[in-house]
Amino acid sequence: MAGLLQGEVLLPEQLADLMGLEGPLGVAVGALLGAFIVGNIMLAMTGVAGPWAKRKITAAFTDRFAVNRIGPFGLFIIVADSVRLLGKELIIPSNADRPSYDLAPIVLPASALLGFAVIPMGDLGPLNIHLADPEAGLALVFAFASIASIALVMGGYASNNKYSLMGGLRAVAQNIAYEIPLIVTAMSVVIFAGSLQMSTIVAEQGATLVSLGGIDIPAWYAFVNPFAFVLFLVANMAEIGRNPFDIPEAPTEIVAGYQTEYSSVYFVLFYLGEFLHIFLGGAIMATIFLGGPAGPVLPGFVWFVIKIWAFFLFTQWARSALPRVRIDQLIEIGWKGMLVLSFANLVLTAIIVGVIA
Amino acid sequence: MSWIAIGALALVGVAIPLAMMVVSALLRPAVPEQGKKTTYESGEIPTGSGRIQLNIQYYMVALLFVVFDIETVMIFPWAVMYRSALEAGVPLSQALLPMLLFVGILVIGLVWAWRIGAVEWTKSLRATAQKTERQNT
């Protein structure tokens, strides 16, 4: 309700109004068009991130050149690579478990994309890029994000490859070890916000924390509770399977894990799903810790993009700088370290809020 | 209204991969050969099926996960209500203590699981033996 009280109109309604459609037709067309816009924004970002930015960033970190032949800064490699990858022959391993083998590359990107439905992406001109704002927004986004591990298990099992099977099982081990710290840490933020609704969480962060020399520092939960921010960052990296927690893929141990046997468009879809997940992780962090689309001067949407790209840059930095943990270390960090710390964080936050309030 | 938009994004989310599959099907060549279809096993001819029996190691951890996952679901409504309850004048002993007790019981469970070694990666006897051999030489 809070979102409605602030008079915030969501993207589907705005689109329906713009086209002058009313009633059920307006609702359906607005929702579909809005979903199409949000889906394509995220696809465009993964398109830039996957074939181009990832290579450029890794090259910069390791003092090498990366793609620089086609177009300005090598940007047209995005087009060249998409054509190259889509035009490759699709090789399906013998004895692959067919329905599951074909469904996994659909489920992974779809689950990641679905998470963006409840993320407030801020204003862009007259449009408010925010598809849906249900009261259980935060719970929903975690639910959607964790569908991904089903896709990884499906792909891993169906490939009829031992490395793939291990990769899928590792993905589950990782997911169950870090899901709970992730959500419990998010709960310590919900204590401050008093709501699971994304628009309310963002609005609550708009208050001023302190004023330093005339500049108002907003009450972003990263500033209010930096300990939770760091915990959430680590758990998030593990949840989306990025370095140093990328053991489901672990190229030096199990080739490429669950995606070993995937080629052509199926490989593209797996890759796409992974990048969408990085951006979804960044979007969750931006929304509940970094004030969502809030920021000075620039439009909200630009700030949102800057924040999720900052998270993407951070994952790539970790990829270049940190060694991968072993699977046994991963389980121990998750269950002995993160779980205990996240509960300590929750209890301490509750006590501090209780004593001050 | 919200749910229609979420459903629309689910449709788009499935339609985009399907569209990419269709485009790829139009573009790509198909030259089926038996040799291509073997699974990758470090360049060797694969031995047996890919669906092997292995110790997945985290059976106990998965059981723990179920317990803690339900706990987090229980924490959700409490976290949402907590501050407004305090502001409405509910004393701390009623708003916070039951939650601490609830978390405390589960922490005791975690301590027990920790002590019996459920949250540790089982080391195979052979690997341990080899490790001590290497250290001794």
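Two strands are taken to pair if DSSP finds at least two bridges between them. In this predicted model, strands β3(A) and β4(A) pair in the antiparallel sense over four bridges. Within this pair, Leu212(A) stands opposite Ile215(A), a residue of β4(A).

**The hairpin of chain A**

Strand β3 of chain A covers residues 208-212, and strand β4 of chain A covers residues 215-218. Two residues lie between the strands of this hairpin, and Gly213(A) takes a positive phi near 55 degrees there.

**Helix α3 of chain A**

Helix α3(A) has 39 residues, which at 1.5 Å a residue should span 57 Å; its end C-alpha atoms lie 53 Å apart, so the two values agree. Just after α3(A), Asp63(A) takes a positive phi of about 60 degrees.

| Residue | Location | Phi |
|---|---|---|
| Gly213(A) | hairpin of β3(A) and β4(A) | near 55 degrees |
| Asp63(A) | just after α3(A) | about 60 degrees |

**Chain B**

The secondary structure of chain B consists of five helices and zero strands, and its pattern along the sequence is α-α-α-α-α. For its 137 residues the globule rule gives 14 Å, whereas the radius of gyration is 27 Å, well over that value; chain B is therefore more spread out than a compact globule. Along the principal axes, the C-alpha atoms of chain B fill a box of roughly 75 × 65 × 25 Å. Of the 137 residues of this chain, 20% count as buried, a class that requires 20 or more other C-beta atoms within 10 Å of the residue's own.

**The contact between the chains**

How many residues of chain A are in contact with chain B? The contact involves 71 residues of chain A and 62 residues of chain B. On the side of chain A that touches chain B, the elements giving two or more residues are α3 (23-61), α5 (98-115), α8 (162-193), α13 (264-289) and α15 (327-356). The largest share of that side comes from α8(A), with 13 residues. By residue class, the side of chain A that touches chain B divides into 50 nonpolar, 13 polar and eight charged residues.

Conventions: Residues numbered from 1 in each chain as written. Chains lettered and ligands numbered in written order. Predicted model: local features only at pLDDT ≥ 70, side-chain atom pairs only at ≥ 80, totals over all residues. Rg over C-alpha atoms; globule rule 2.2 N^0.38 Å. Buried ≥ 20, exposed ≤ 12 C-beta atoms within 10 Å, placed from the backbone. Contact = placed C-beta atoms within 7 Å. Nonpolar A, V, L, I, M, F, W, Y, C, P; charged D, E, K, R; others polar. Expected span 1.5 Å × (residues − 1).
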